[in-house]
Amino acid sequence: MTEGILLVATGLLVVLTFLPLWKNPVWWVRGLDFPRLQLCVLAFTLLVAQALLLPYSKPLQILISGLVILCLAYQAWWIIPYTRLWRPEVKTAVPGGDKPRIRVMAANVLTPNRQAGRLKALVREHHPDVLVTLETDQWWEDQLEELTAEYPYSKRCPLDNLYGMHVWSRLPLENAETCFLVEDDVPSMHANVRLNDQLAIRMHFLHPAPPSPTENDESTERDVELLVVAESVRDDLHNTPVIVTGDLNDVAWSANTRLFRKISGLLDPRVGRGMINSFHAQHWFLRWPLDHLFHSHHFQLVRIQRLPEFGSDHFPVLVELQYEPAPDQQSLQGDEDDEVEAEEKIREEGVSVTDVPEPEKR
């Protein structure tokens, strides 16, 4: 009976590990990108159980263990870059000096959550220069209105469909626009953030809809919103500092997030430092990095941290960057096949790169 249980568990692990290789955009298939850490834990647990319970005298038992080791290695390949076993992709800024810095905080508030006071306390404690709030409706806008004393610049799009978005800034927002790039009820925001008289940062704030059985049964809309922004920013990447941030409803190691990084050339400060799992705040065993910040080579990292929960299903994430260009910082490198894949996805949705505002040119 023990052998049968371990055999069934191994079969389930193999299916969950390799089913995402099937090129199918249906939500439940693409969703298997998420639990790679959990599947690593399952694989390791199975190996321990097999070592303790199976007599390795039969070819079947050896085959079972070999399959589990293969699954463990494959899952670990995806997530190891988001551990301290990997070389950091972004350099650590040298403390001190007078180089300009920007502190960005992203917080998905969960629309029904009514603990606005706890979020405002976090904002006052950590003093971000730019705060982007996601899933904010009119109630949340009213609650956060008092922040305008410290954050006089804002862009607002309150919605009651879980896709409202607000940007609050201490720094001037120039040419700020709200766009609906792929779906008519899912906004994104785009602006220049004026750091000082000589320096403005091109920023894009995103919250694409996730694939799900009740919203999108495929991941196409989410993927395309990321890719069209990626193609928009890459041409100016050498001369213009860029930051893309928000709840991207996808894990850092997914195929599409990796494709976004390859096309855009943007860096991920989590690589070599940790996953910074931001969802789900109430379930420690089901946590993934869904809230992201990517940036151009113009910045080095001062700090990145997950802040305490405030009643939402997401933790807020705070990233502080120092403007100190380092062209030797390299993102994932794409190839011609990546370009073709991105273009095909964008074309299927009828979206154009020209739909993405380029605020530094306005």
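A cavity is, on a 1 Å grid over the protein atoms alone, a set of points where a 1.4 Å probe fits but cannot get out, whereas a pocket is an open set with protein on both sides within 12 Å along at least five of seven lines; lining residues have an atom within 4 Å of a point. Grid points are joined across faces, edges and corners, and a volume is the space filled by probe spheres set on the points. One cavity of 30 Å³ or more is found in this structure. The model is a predicted one, in which local features need pLDDT of at least 70 and side-chain atom pairs count only at pLDDT 80 or more, while totals for chains, interfaces and linings use all residues. Residues are numbered from 1 along each chain as its sequence is written, and side-chain values use heavy atoms, with hydrogens and water left out.

The description starts with the sheets. Helices (H or I, at least four residues) and strands (E, at least two) are DSSP runs, numbered from the N terminus, and two strands pair if DSSP finds at least two bridges between them. Six strands make up an open sheet of mixed pairing, with the order 3-4-2-1-11-10. Its edges are strand 3 (153-157) and strand 10 (299-306), each of which pairs on one side only. On average, neighbouring strands of this sheet are turned by 15° against each other, direction ignored; axes are lines fitted to C-alpha atoms, for helices over the stretch in contact, and angles run from 0 to 180 degrees between N-to-C directions.

Within this sheet, strand 1 (residues 101-108) pairs with strand 11 (residues 317-323) in the antiparallel sense, over six bridges. Arg103 stands opposite Glu320 of strand 11. Strand 11 also pairs with strand 10, again in the antiparallel sense, over seven bridges; here Phe299 has Tyr323 in strand 11 as its bridge partner. Six of the seven residues of strand 11 are buried, so the strand is mostly covered; buried means under 20% relative accessible area, exposed over 50%, and partly exposed in between (1.4 Å probe, protein chains only). Helix 5 (residues 116-126) lies across strand 1, strand 2 (130-134), strand 10 and strand 11, and runs at about 170° to strand 1.

A further open sheet has five strands in the order 5-6-7-8-9, and its pairing is mixed. Strand 5 (173-179) and strand 9 (291-295) are the edge strands, each pairing on one side only. From one strand to the next the twist averages 15°. Strand 8 (residues 242-247) and strand 9 are antiparallel partners over five bridges, and Asp247 has Asp291 of strand 9 as its bridge partner. Helix 7 (residues 220-234) lies across strand 6 (188-194), strand 7 (200-206) and strand 8, at about 165° to strand 7.

Thr245 lies in strand 8. Thr245 is buried, with a relative accessible area of 3%. Leaving aside neighbours within four places in sequence, Thr245 is in contact (heavy atoms within 4.5 Å) with Val104, Ala106, Val132, His204, Phe205, Leu206, His292 and Leu293.

The space in the largest cavity is about 40 Å³. By class, its lining has six nonpolar, two polar and one charged residues; Ala, Val, Leu, Ile, Met, Phe, Trp, Tyr, Cys and Pro count as nonpolar, Asp, Glu, Lys and Arg as charged, and the others, Gly among them, as polar.

The second largest pocket has a volume of about 410 Å³. It is lined by 19 residues, of which Trp86, Arg87, Glu89, Val271 and Gln330 are the closest to its centre. Helix 4 (59-79) and helix 8 (255-264) are the elements that give two or more residues to this lining. The classes in the lining of this pocket are 11 nonpolar, two polar and six charged residues.

Arg261 is found in helix 8. Which residues does Arg261 contact, leaving aside its neighbours within four places in sequence? They are Tyr82, Glu89, Leu266, Asp268, Val271, Phe294, Ser331 and Leu332. Arg261 is buried, with a relative accessible area of 2%. The C-alpha atoms of Arg261 and His297 are separated by 12 Å, and the two residues are 36 apart along the chain.
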